[in-house]
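Biologist: I have a chain open and would like to go through it with you. Could you take my questions as they come?
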Amino acid sequence: MQAIRVHDYGESDVLTLETVAQPEPQPNEVLIRVQAPGVNPLDWKIRSGFMKKIFPMPMPYTPGMDVAGIVEAIGTEVKAFQVGQAVYG
């Protein structure tokens, strides 16, 4: 799959499009097939390094806190969601 990744804090030029392995959901996680990604002001503040004392990010990381899509897989302990369900967050 493809993802925008950040390897170091900085301006928008630190955003790179990369091919990454599809993650496997942990027991309490949900994997979402993203249909509508979004970024908000907190995302660019984290990327720029303004928030690194409050939200330190392990590099590289994938920015974007707003999302809408379809549940593709669920962890073994997930009860509130099911595969195929439309979600946003």
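Biologist: Is Gln35 buried or exposed?

Modeller: This is a predicted model, and in it Gln35 counts as exposed because its relative accessible area is 59%, where over 50% is the cut-off for that class.

Biologist: And where does Gln35 sit, and what is Gln35 in contact with?

Modeller: Gln35 is part of strand 3, and once its neighbours within four places in sequence are left aside, Gln35 is in contact with Ala68, Gly69 and Ile70. Val20 is 15 residues from Gln35 along the chain, and the C-alpha atoms of the two are separated by 17 Å.

Biologist: What about Thr19, buried or exposed?

Modeller: Thr19 has a relative accessible area of 66%, so Thr19 is exposed; its place is in strand 2, which covers residues 15-19. Apart from neighbours within four places in sequence, Thr19 is in contact with Met1 and Gln2, whereas the C-alpha atoms of Thr19 and Leu42, 23 residues apart along the chain, are separated by 25 Å.

Biologist: Let me step back to the whole fold. What pattern does the protein follow along the sequence?

Modeller: Reading along the sequence gives β-β-β-α-β-β, that is, one helix and five strands. The C-alpha atoms fill a box of roughly 40 × 25 × 20 Å along the principal axes, and among contacts with a separation of 6 or more, 55% are between residues 24 or more positions apart.

Biologist: How much of the protein counts as buried?

Modeller: Of the 89 residues, 20% count as buried. The largest nonpolar core has five residues in all, namely Val6, Val14, Ile46, Met51 and Tyr61. As a general matter, nonpolar side chains in soluble globular proteins tend to be buried together.

Biologist: Which residues is Tyr61 in contact with?

Modeller: Leaving out neighbours within four places in sequence, Tyr61 is in contact with Ile4, Arg5, Val6, Asp43, Ile46 and Arg47, and of these Val6 and Ile46 belong with Tyr61 to the largest nonpolar core.

Biologist: Which peptide bond is cis?

Modeller: The bond from Met59 to Pro60 is cis, with omega near -10 degrees, and Pro60 is found in the loop between helix 1 and strand 4.

Biologist: Where is Lys79, and is Lys79 buried or exposed?

Modeller: Lys79 lies in the loop between strand 4 and strand 5 (86-88), and because its relative accessible area is 71%, Lys79 is exposed. The C-alpha atoms of Lys79 and Gln22, which are 57 residues apart along the chain, are separated by 22 Å.

Biologist: Last one, on the record: what does the UniProt annotation cover?

Modeller: The unreviewed UniProt entry carries the annotation "domain: Alcohol dehydrogenase-like N-terminal" for residues 26-88. In the model that span is 13% helix and 33% strand, and its end C-alpha atoms lie 19 Å apart.

Key
Residues are numbered from 1 along each chain as its sequence is written. This is a predicted model: local features need pLDDT of at least 70, side-chain atom pairs count only at pLDDT 80 or more; totals for chains, interfaces and linings use all residues. Side-chain values use heavy atoms; hydrogens and water are left out. UniProt positions are given in the numbering used here, feature names are shortened, and annotations may be inferred rather than shown by experiment. Helices (H or I, at least four residues) and strands (E, at least two) are DSSP runs, numbered from the N terminus. A nonpolar core is a set of buried Ala, Val, Leu, Ile, Met, Phe, Trp, Tyr and Cys residues joined through side-chain atoms within 4.5 Å. Buried means under 20% relative accessible area, exposed over 50%, partly exposed in between (1.4 Å probe, protein chains only). Contact means heavy atoms within 4.5 Å.
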